[in-house]
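Hi everyone, thanks for making time this morning. Let me put the model up and then walk you through it.

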Amino acid sequence: MRVTVSRKAHFNAAHRLYRKDWSMEKNDSVFGKCNNPNFHGHNYELIVSVTGEIDAETGYVIDVKILSDLIKEHIENSFDHKNLNVDVPDFTDLNPTAENIVVVIWNKLRPFIKKAMELEVVLYETPRNFVTYKGD
Ligand code: NI
């Protein structure tokens, strides 16, 4: 029996969407208000899901405390109350769109999840806008 275990988390962070190699006009036309040079913030919500077989001894797929600690150590501690463009090296040369952020988060967590298990990350940038990544 394969079951999916999910943990919700959140972090607050600032970002600016732009390309250094584009003019201000071009960045404005593509990214609009998200290109504000003084940055803007979001309350990001995260749902991290692990799918796998139930362990016969423990009855767990994954101990949700372990999943919670992984998210805290590798995501919240790096992203919460940070400026993603300035403070998080992953975004030095990567536009911190929701799409790119969800892939960065997945890549940070994947090494800590057993190979036989699937990992899915859903990232809400606003209550209505969210992205999903399950690996390629
Ligand atoms: Ni934004």
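Predicted model: local features only at pLDDT ≥ 70, side-chain atom pairs only at ≥ 80, totals over all residues.

Let's start at His 42, which counts as buried because its relative accessibility is 15%; buried here means under 20% relative accessible area, exposed over 50%, and partly exposed in between, with a 1.4 Å probe and protein chains only. Residues are numbered from 1 along each chain as its sequence is written, and side-chain values use heavy atoms, with hydrogens and water left out.

So what does His 42 do here? Its NE2 is a donor to the nickel ion, along with NE2 of His 15 and NE2 of His 40, at 2.0 to 2.1 Å. Donors are N, O and S atoms within 2.8 Å of the metal (3.2 Å for Na, K and Ca), and with water not among the atoms, sites may look incomplete. Along the chain, the donors of the nickel ion are spaced H-x24-H-x1-H.

Now the sheet. Five strands form an open sheet in the order β3-β1-β2-β4-β5, with mixed pairing. Strands (E, at least two residues) and helices (H or I, at least four) are DSSP runs, numbered from the N terminus, and two strands pair if DSSP finds at least two bridges between them. At the edges are β3 (82-83) and β5 (130-133), each pairing on one side only. Strands β1 (residues 2-15) and β2 (residues 40-53) run antiparallel, joined by 14 bridges. Ala 14, for instance, has Gly 41 in β2 as its bridge partner.

Which rings stack on this sheet? Phe 11 and Tyr 44 do: their centres are 4.9 Å apart and their planes at 20°, so the pair is stacked. For the cut-offs, rings of Phe, Tyr and Trp (its six-membered ring) pair if their centres lie within 6.5 Å, and planes under 30 degrees apart count as stacked, over 60 as edge-to-face and the rest as tilted. With Phe 11 in β1 and Tyr 44 in β2, the pair ties together parts 33 residues apart in sequence. Phe 11 is buried, at 0% relative accessibility.

Phe 11 also meets Phe 79, with centres 5.4 Å apart and planes at 75°, so that pair is edge-to-face. Phe 79 lies in helix α2, so this pair links parts 68 residues apart in sequence. Together, Phe 11, Tyr 44, Phe 79 and Phe 91 form one aromatic cluster. Thanks, and I'm happy to chat!
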